[in-house]
Every structure is written in C-alpha cells, then in structure tokens.
Amino acid sequence: MVNFSFPQRNPEEQGIPGEEEPEVGTHDTDDGGRGSSRHLLIIAAIGVVLIGGWYLANKLFLAPSPPAPTRSAVPGPQPPAATAPPSIAPVPAGPAQPPSKEDVTATATTSLAKAPKPTAPSPGTPPGNAEAGKAAVPVKVGAKPATRSVQTSPPKFSLQMGAMVMEENAEALKQKLDASGFPAVIRKGTAFVSKQVVTAGEPSSKSAAEDLSRRLNVDGFPSEPLDVGGKYTPQIGAFFNLDEAVDLARELQKKNYHPKITSKPVTTVVYQVRHGMFDSRNAAVVRGEELKSKGFNFLVVRE
C-alpha cells in the first residue's frame, strides 16, 4: 500500500481565518431545550406505565372475587317473633279507681286506629319473616273485661204437708187442705224409701213354697212364691207404710201362719203435697203452726 503524505499548511500562510475556540462554560441553547423536553417525556411515559401496571394488578390479583350464587332453600318453620312487652305507665299516688267501660272501649278504639296496617309479604319473604313484620297492638295494662252481673232472686219457702207413694192418698190430703182454707198443690218427685215385704213361713224347697202359697190363697191371702237368696217363700204383700205391713202380719197370725216383715230400700216416685210460697223461713213457720193447730203435720222446704 502506498502512503501519501501531504504537508500541512499553516493557516496563517494560506490566509484562511481560523476558528475561534469556544469559551469554557458556554453551551448551545437549542440543544439544551431539546434535551430537557426529552427528559420530561421519558418521565411521563414511565409514570403512565407504572399507573397502568398498578391498575391491572389491582383488577387481576388484588380485587375480591364475586360471591358464589346461593341456592334458594325451602324456608323451615320460623319461631314466632318476640313482641316487646307493653310499657307500663307510672301510676299516680292515691287510691286506684277501676277503669270504666267507656275508658276501656275508647282505649281499644284508639289503639286499633294508631296501629300500622300489616303489609303483604313479598314473594321471596319466608313465612316466619312475614309474621315478624306484623305490628303488635298495644294493650292497656290494668283493664279488666266487663263482666255481666247475675242477679239471683231471693230463696222461697213452702210447707210440705206430706209425701205419698200412692197418688190417691196425695189427692185425698190435697182435698182436705183445700176444704180447710189452705189450698195445696201436688208435685211429683223421687225419694229413697223403705219397702216393707210381708212373707209367711220358711219352706225348705220350691215345691213346699208353692203348696204353702196355694193354702194362703184359699184362706184369703193372695200370694206367690218369692226367691230370696236361693230359698223360696210366699210373699203376701209389700207396703211403703209400716203400719199396713204390721196389720197384715197380725191377720196372718190369727190363721196360724208365721209371718215375717222384711224392709228393702228402693227408689220410687212420690207425690208431694205442698202449700203456700213464702219469702222467709220464719213466715213459713208461722203458717205451719196455724196448720198444726188444725191437725196437719208440716215440713218447711226450700223451693
């Protein structure tokens, strides 16, 4: 390779004016403006990248996941909603007066008027929540329900002049009282009385009892065999009056029979002969003493 060298000429010799060296500490104004603008753009771009990255990270990784959809369960029985106890207003000092019927009615009407109307539950509301939404009606404490007073008439008293098992005996006594100036009435009732049964002999068998019954019929004492605890004996009569039973037994003794009177408790219809209606027991006793003086027995009874 051939090297060519050319001699350098002195600028002063060539007449070319030399370039002045820039002074230390001076800069080009145009290049400095472009550099600062470029720096600002770079910083702004970096800021935009950082903000966009933070936003994407927040959306993708830091944001909470949406809740999973829940199945609608069939509502079970809900316990009744507890209602708040009614507030008790302070009672002023002094004797308490019972509330009148007008106060109770006015209080109930005002409470019902001020009570909110129950609203219909929405389609998705369970039955228990619908019951809880009902408003409780305030109740006035101390109010007592009005009670109807039952008026009872004073007791009445009358005189019972007799109680007969035979209706004809009661009619005879009533006619006797009417004739004496003391009108009477007959009332039917039931009573626990003793019945007197008259029998004769003690036969050893049923055939013996039938033979004895035939002999009694011939002598004027109608009878029929009666089973008494597995033993048969002729029954001649049964009376509610003991005197009548004793009279029959005496007639049987006269015919050389051996009578026996047995008392049996029974419930039967009786005919009660009564007189008067009195407001007090003392007034009934005064009238009874007047009847006793005329030969009538009496018993004060309450109607």
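Mentor: We will go label by label, with the value and then the cut-off. One caution: this is a predicted model.

Trainee: How many helices and strands does the protein chain have?

Mentor: The protein chain has 8 helices and 6 strands. From the N terminus the order is α-α-α-α-β-α-β-α-β-β-α-β-α-β. Of its 303 residues, 18% count as buried. The accessible surface comes to about 24,500 Å², and 57% of that belongs to carbon and sulfur atoms.

Trainee: Why is Leu216 called buried?

Mentor: Buried means under 20% relative accessible area. Leu216 has 0%, so Leu216 counts as buried. Leu216 sits in helix H6, residues 206-218.

Trainee: What is Leu216 in contact with, leaving aside neighbours within four places in sequence?

Mentor: The partners are Ala200, Phe221, Ser223, Pro234, Ile236, Leu252 and Tyr257. Take Tyr257: Leu216 and Tyr257 are 41 residues apart in sequence, yet their C-alpha atoms are 8.9 Å apart.

Trainee: Phe221 and Tyr257 form an aromatic pair. What makes the pair edge-to-face?

Mentor: Two tests. Ring centres must lie within 6.5 Å, and planes over 60 degrees apart count as edge-to-face. Here the centres are 6.5 Å apart and the planes are at 75 degrees, so the pair is edge-to-face. By this rule the count comes to 1 aromatic pair.

Trainee: Why say that the pair ties together separate parts of the sequence?

Mentor: Phe221 lies in the loop between H6 and strand S3 (224-228), and Tyr257 in the loop between helix H7 (242-254) and S5. Those parts are 36 residues apart in sequence, so the pair ties them together.

Trainee: What about Asn256: buried or exposed?

Mentor: Exposed means over 50%. Asn256 has a relative accessible area of 68%, so Asn256 is exposed. Asn256 lies in the loop between H7 and S5.

Trainee: Which residues touch the most other members of the largest nonpolar core?

Mentor: That core has 16 residues. Leu159, Met161, Leu173, Leu177, Val273 and Leu291 touch the most other members. Strand S1 (157-164), helix H5 (167-179), strand S5 (259-278) and helix H8 (281-292) each give two or more residues. S1 gives the largest share, 4 residues. A second, separate core has 10 residues, including Ala200, Phe221, Ile236 and Leu248.

Trainee: What does Leu291 touch, not counting residues up to four places away in sequence?

Mentor: Leu159, Met161, Leu177, Phe182, His275 and Phe296.

Conventions. Residues are numbered from 1 along each chain as its sequence is written. This is a predicted model: local features need pLDDT of at least 70, side-chain atom pairs count only at pLDDT 80 or more; totals for chains, interfaces and linings use all residues. Side-chain values use heavy atoms; hydrogens and water are left out. A nonpolar core is a set of buried Ala, Val, Leu, Ile, Met, Phe, Trp, Tyr and Cys residues joined through side-chain atoms within 4.5 Å. Buried means under 20% relative accessible area, exposed over 50%, partly exposed in between (1.4 Å probe, protein chains only). Contact means heavy atoms within 4.5 Å. Rings of Phe, Tyr and Trp (its six-membered ring) pair if their centres lie within 6.5 Å; planes under 30 degrees apart count as stacked, over 60 as edge-to-face and the rest as tilted. Accessible areas come from the Shrake-Rupley method with a 1.4 Å probe; for residues, only the protein chains shown count as cover.
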